Amino acid sequence: MKLEILGREVIKPSSPSQQDLLQLSLADVSGPATYVSTIFFYKSVSGDSWEIISGRLKTSLSDTLSRFYPLAGRMEGHKIICNDEGAVFTEACTDLLLSDFLKNNLNNTNSLREFLPTIAPGESAGTWPLLSVKVNFFGSGSGFAVTVSISHKICDAASYLTFVNGWAAAATVKDESNDVLMSIPTFATTTIYPPPHISFQTPSLDGNGLYETGNKCVTNRFLFKSSKIAELKHRASSETVPVPTRVEAIMSLIWSCATNSSRSNSVVQKSTLMIQALDLRLRIPPPVLSKDAVGNLQAPFFLKKDSESKMEIAEIVAEFRKAKEEINETIKENLAATITTATTLGPNLLSLLGKLISELKPGIDVYAMTSWCRKPFYEVDFGFGSPVWIGFTRHITEKTVFVVLMDSKDGEDVEAWISLPEQHMSVFVRDPDVLAYAVINPPVLI
């Protein structure tokens, strides 16, 4: 499927930025210069033309940028220059009906890459634009898709959702005195993690294998129905963890099967490492950290297995739970003495990142996993109803190994977006353990 570009412009904030600079933290600048992107698919229910829909989205985006002003700025070094340079807004269209696309074109997730905003020469998530939007209209007024791409240098999943919800509120609330429209989000900057030293050079994590592999990767979507999740949780239970969470059970299964698929393609067996991150907003109370704080506010942890490990799911879940509890305990201990500050917490959490980086050596399989479950992405309403489906894709996928979990629209099922080296994926999709619990690239019926 090809989309025809209708136009591309820069949207400026409706009012000037409230400050000139935003200092980034060491956690912000240490991450990859890539975009966090999600595609929200909507049915057309009002009969509005694409011009009216685009007009509403542009106006409300301009209003929203005046509050989320760093997203309209430019990154220079370890700071964001809040110069109101703006965000990119692209419009595109196709003759294909929304229902036909969702029913017939999702057997290959590569079709979703057409919905990503184009990165023009000279543009980058590490400089400008820090926010790029693409609105894609389907044939016969059947619906449209809104793709939002935000630089990972300033945004994690929770920050992303805070922005999108703010934009949706601006698109639906006409009273400018409304608290939602007038409130300014909190930009965490160095609240938790310290700023980088002036001589700091961004580490080449990609070269260490955290984000990229040397082989071409393939992405597939695996749907775990709630009934199958219940079966998997039962299998993953143990005396140590009698009731695993959905995320613990599914990620443990994925890591086990992905590791086995790698081993089946390798003459020399490798150690395997799974990375996860915990949202600090759910663990650090106000006034230290607000629930809507914007920034990279996560605590990393990892599990490692040697090349001879059996990768038993219940055992992985138990280790998964223990690692999370250790992070939670570290946070509690650091906050106990200084409830209004977090002066020691950031450095202690950074030491965990240092341990992770020290493990990233040649000859180890690394699986970076993240969960967006229980985050209300399906409540994002720009005034046209809730999304009928939400898709995930990235600008860097060809050599990137990743796993992202998202709730389905009903909130009970889980969709796992998994990118693995091509030769490993060919084994993974035939693994009886995977097929026992998940359906691969099913159609979406609306």
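Helix α2, residues 50-65, lies across β1, β6 (87-93), β7 (131-137) and β8, and runs at about 165° to β6. This is a predicted model, in which local features need pLDDT of at least 70, side-chain atom pairs count only at pLDDT 80 or more, and totals for chains, interfaces and linings use all residues. Residues are numbered from 1 along each chain as its sequence is written, and side-chain values use heavy atoms, with hydrogens and water left out.

Some terms. Helices (H or I, at least four residues) and strands (E, at least two) are DSSP runs numbered from the N terminus. Axes are lines fitted to C-alpha atoms, for helices over the stretch in contact, with angles from 0 to 180 degrees between N-to-C directions. Contact means heavy atoms within 4.5 Å.

Helix α4, residues 157-172, also packs on the sheet. It touches β3, β7 and β8, and its direction makes about 135° with that of β8.

Now the sheet. It is open, with six strands in the order β1-β6-β7-β8-β3-β13 and mixed pairing; two strands pair if DSSP finds at least two bridges between them. β1 (4-11) and β13 (389-392) are at the edges with a single partner strand each, so one side of each has no neighbour in the sheet. Strands β3 (residues 35-43) and β8 (residues 143-151) run antiparallel, joined by nine bridges. In this pair, Ser37 stands opposite Ser149 of β8.

Last, a helix pair. The axes of α7 (residues 226-236) and α8 (residues 246-264) come within 9 Å and cross at roughly 80°. Ile229, Leu232, Lys233 and Ala236 of α7 meet Arg246, Ala249, Ile250 and Leu253 of α8.
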